[in-house]
Amino acid sequence: MSWKVGNVRIKRIIELEAVGGSRFLLPQATYDEVKKLPWLAPKFATEDGKLILAVQSLLVETPNRRIIVDTGIGNDKQDRNVPTWNNLQKPFLEDLAKAGFPPDSIDTVLCTHLHVDHVGWNTKLVGGKWVPTFTKARYVFGKTEYDYWKANAPSPTHAAVFEDSVKPVVDAGLVDLIPSDHKLTDEITMIPTPGHSPGHMSIHIKSAGEEGLLTGDAAHHPVQMFHLGWSSTADSDGEQAARTRRELFSRFADKPVLTIGGHFSAGYIMREGDGFKYVAA
Ligand SMILES: [Zn+2]
């Protein structure tokens with residue numbers, strides 16, 4: 001679960017992984033429909049059509065930065081829309097340390113968007129208070145995304161997420177708000193990919209002649225590369241999300257661009273019919 005793009009190393013740390021049970025997210029992805037796409041098995045779906053989805057972080061190490069991309073659900077959180085995500089108790093920080101990335105060694109926390117399963121470990125509960133987990137890091141959020149969630153709480157979960165996982169790091173003075181096409185380092189540039197959320201960003205990596213793409217939740221699952229119009233129930237604007245997918249995957253298809261999703265592992269995007277398929281790396 002580690003890859004290289006030129007001089008950039010990427011590691012995948014899984015907080016949770018589930019087989020099946022994704023019908024609430026992608027209602028069109030029935031077992032029968034999934035089985036029609038044999039290239040999904042065994043890495044991204046089972047032979048009997050169950051989707052495999054993870055909640056995960058990506059550790060991105062450039063020659064001079066140590067970045068965590070997205071921070072999962074987090075421990076001890078409450079009022080989550082998925083009941084099993086409440087009061088989670090996972091050894092996520094221990095797993096980071098085992099991978100060589102203890103929290104204090106991380107200098108940048110980069111959130112593709114500010115949904116419940118991408119900001120959780122921004123904070124941890126200490127003495128009844130939410131405090132920043134990555135005390136030596138700058139937290140980098142898209143300005144469009146932050147402004148939206150600061151002004152809007154469409155559900156109690158959205159309000160809780162902002163309150164316990166976003167606001168405390170802002171209050172601690174650790175946040176930098178960036179435009180959605182921001183160049184973060186020599187190797188890393190953001191790509192605006194709105195639709196899943198209003199200010200969603202994907203991440204383009206270029207180093208030593210090689211390229212990588214971290215899609216974030218532009219697609220929740222590779223099944224949406226073929227079925228570009230299968231927007232997830234979590235997308236804030238399904239039609240915009242579908243247009244964004246076509247644009248993003250068209251740009252990187254049929255090229256040696258190592259791709260990793262917000263909820264799935266590494267592969268390459270290839271044209272297939274009117275859409276795309278995903279070939280495991
Ligand atoms: Zn997500």
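Select methionine 190 to begin: at 3% relative accessibility this residue counts as buried, where buried means under 20% relative accessible area, exposed means over 50%, and partly exposed is in between (1.4 Å probe, protein chains only). Methionine 190 sits in strand S10, residues 188–192. Helices (H or I, at least four residues) and strands (E, at least two) are DSSP runs, numbered from the N terminus. Now show what surrounds methionine 190: leaving aside neighbours within four places in sequence, its contacts are Leu110, Ile178, Ser180, Asp181, His182, Met201, Ser202 and Ile203. Contact here means heavy atoms within 4.5 Å. For a sense of scale, draw a line from methionine 190 to glutamate 211; they are 21 residues apart in sequence and 13 Å apart in space, C-alpha to C-alpha.

A word on what you are viewing: this is a predicted model, in which local features need pLDDT of at least 70 and side-chain atom pairs count only at pLDDT 80 or more, while totals for chains, interfaces and linings use all residues. Residues are numbered from 1 along each chain as its sequence is written, and side-chain values use heavy atoms, with hydrogens and water left out.

**Next stop: the zinc ion**

Which residues are the protein donors of the zinc ion? Select Asp117 (OD), His118 (NE2), Asp217 (OD) and His263 (NE2), which lie 2.0 to 2.5 Å from the zinc ion. Donors are N, O and S atoms within 2.8 Å of the metal (3.2 Å for Na, K and Ca); water is not among the atoms, so sites may look incomplete. The angles subtended by the four donor atoms run from 82 to 170°, which makes the arrangement irregular. Four donors count as tetrahedral if all angles lie between 85 and 135 degrees; four count as square planar and six as octahedral if opposite donors are over 155 degrees apart and all others between 65 and 115; anything else is irregular.

Along the chain, the donors follow the spacing D-H-x98-D-x45-H. Histidine 118 is in the loop between strand S5 (108–110) and strand S6 (123–126), and histidine 263 is in the loop between strand S13 (257–261) and strand S14 (267–272), so the pair ties together parts that are 145 residues apart in sequence. Buried or exposed, these two histidines? Both histidine 118 and histidine 263 are buried.

**Then: the nonpolar cores**

Select Leu96, Ile106 and Phe141, the residues with the most contacts inside the largest nonpolar core, which has 32 residues. A nonpolar core is a set of buried Ala, Val, Leu, Ile, Met, Phe, Trp, Tyr and Cys residues joined through side-chain atoms within 4.5 Å. Elements that give two or more residues to this core are strand S3 (52–61), helix H2 (92–98), strand S8 (138–142), helix H3 (143–151) and helix H4 (156–171). H4 gives the most, with four residues.

A second, separate core of 28 residues includes Ala218, Phe249, Phe264 and Phe276. Click phenylalanine 249, found in helix H6, residues 238–252. At 0% relative accessibility, phenylalanine 249 counts as buried. Not counting residues up to four places away in sequence, phenylalanine 249 touches Thr215, Ala219, Gln224, Met225, Leu228, Ile269 and Phe276.

**Along helix H4**

Colour H4 from end to end and look for a bend: there is a kink of about 35° centred on glutamate 163. The bend at a residue is the angle between axes fitted to the seven residues ending there and the seven starting there. Buried residues of H4 include Ala160, Val161, Phe162 and Val166. Among the elements covering the buried residues of H4 are S6, S8 and H3. Just after H4, find glycine 173, with a positive phi of about 75°.

**Last stops: the loops**

- Alanine 41 and proline 42 are joined by a cis peptide bond, with omega about 0°; proline 42 is in the loop between helix H1 (31–35) and S3.
- Aspartate 70 has a phi near 65°, a positive value in a residue other than glycine, and counts as buried at 4% relative accessibility.
- Alanine 208 also has a positive phi, near 50°, but is exposed, with a relative accessible area of 62%.
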